[in-house]
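Begin with the aromatic residues, then move on to the helices.

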Amino acid sequence: MSSVVLREVPTDSPVHRLWAGTKMIGVFVFSLLLMFIPSWWLLGLGTLFLVGVFLLARLPLGTLPRFPWWLWAGIAIGMAIVAPVGMTAVLRSAQVVLFGFLLLGSSFMLAWTTPMGEIAPALAKLGAPLKRIGWTRNGVRHTVPVDEWAVVVALTLRGLPLLLEEMRVLRAARRLRPKDSLVQRAVENPLVDILTASMAVSSRRAAELGEAITTRGGTGELTARPGAPGRGDLVALLVMTLMCALGVGVELLF
């Protein structure tokens, strides 16, 4: 896949200037709408909308991920399996596949146009109303740990590109190893070796990241700059609302 998966593409565009919370709201509403009404009309409208956002964000074509051949082979095999059931089953399967690619594309669009440092503050601000929910246990007042959840999500998003890069390095290193004998190939499992090495590297990086966070005074700084929506965000939310209303209205009428 592309090396810019889950990494911001530093270009100047109206989409990049939007608040991170606005884009997360758009992805959530977009996913929710397609989940409950996965019709061809809404799937087509969602595809056109994503293409329009991609062009508006001024992203280069090289940003698009290049999926491996086995993914397309798996989709083709799945279609062949449901083909004897009837054309309706094939169309339903095609809808599921397109729905998955749209969700993946919307997530990639958020990552390509949003600095990772803005994710945690935006999540903390969007989840601020949940802090009012609380309970008392053993005489201690507890509230929903919104800030902690935001930090976990932000650190996960930051770590995923590093994990993907480590997987590429480990695969390349394994290919450079001397050719194993037939006995060694029968005993060893390449997937197990790569997963084991990935877990070891991830544990080491997690320890280093924890030490760095502790040295800087904790995770509070990750949610300290929540930002705020502006006029462009209001326009973007209005456009998304009109698009959703148009899609639902046409679906109900026809």
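Is W72 buried, partly exposed or exposed? W72 has a relative accessible area of 45%. Burial requires a value under 20%, and exposure one over 50%, so W72 is partly exposed. The model is a predicted one.

W72 has a ring partner. A search of the whole structure finds 5 aromatic pairs. One of them joins W72 and F101: the ring centres are 5.6 Å apart and the planes meet at 15°, so the pair is stacked.

Other rings deserve a look. F54, F108 and W112 are linked by ring pairs into a cluster.

Now turn to helix α2. This helix covers residues 40–56, 17 residues in total. From first C-alpha to last it reaches 24 Å, close to the 24 Å expected at 1.5 Å a residue. Its buried residues are L42, L43, L45, G46, L50, V53 and F54. An α-helix has 3.6 residues a turn, so residues three or four places apart point the same way. What covers the buried residues of α2? The cover includes α1 (20–36), α4 (87–112) and α9 (231–253). F54, one of the buried residues of α2, is also a member of the ring cluster with F108 and W112. Just after α2, R58 takes a positive phi of about 60°.

Next, helix α9. C244 is placed in this helix. The residue counts as buried because its relative accessibility is 14%. Which residues does C244 touch, not counting those up to four places away in sequence? They are V29 and L33. C244 and L45 are 199 residues apart along the chain, yet their C-alpha atoms are separated by 9.4 Å. L45 is itself among the buried residues of α2.

Finally, return to helix α4, where V90 lies. V90 counts as buried, because its relative accessibility is 18%. Leaving aside neighbours within four places in sequence, V90 is in contact with M79, V82 and A83. G78 is 12 residues from V90 in sequence, and the two are 9.1 Å apart in space, C-alpha to C-alpha.

Note on methods. Residues are numbered from 1 along each chain as its sequence is written. This is a predicted model: local features need pLDDT of at least 70, side-chain atom pairs count only at pLDDT 80 or more; totals for chains, interfaces and linings use all residues. Side-chain values use heavy atoms; hydrogens and water are left out. Helices (H or I, at least four residues) and strands (E, at least two) are DSSP runs, numbered from the N terminus. The expected span of a helix is 1.5 Å times one less than its number of residues. Buried means under 20% relative accessible area, exposed over 50%, partly exposed in between (1.4 Å probe, protein chains only). Contact means heavy atoms within 4.5 Å. Rings of Phe, Tyr and Trp (its six-membered ring) pair if their centres lie within 6.5 Å; planes under 30 degrees apart count as stacked, over 60 as edge-to-face and the rest as tilted.
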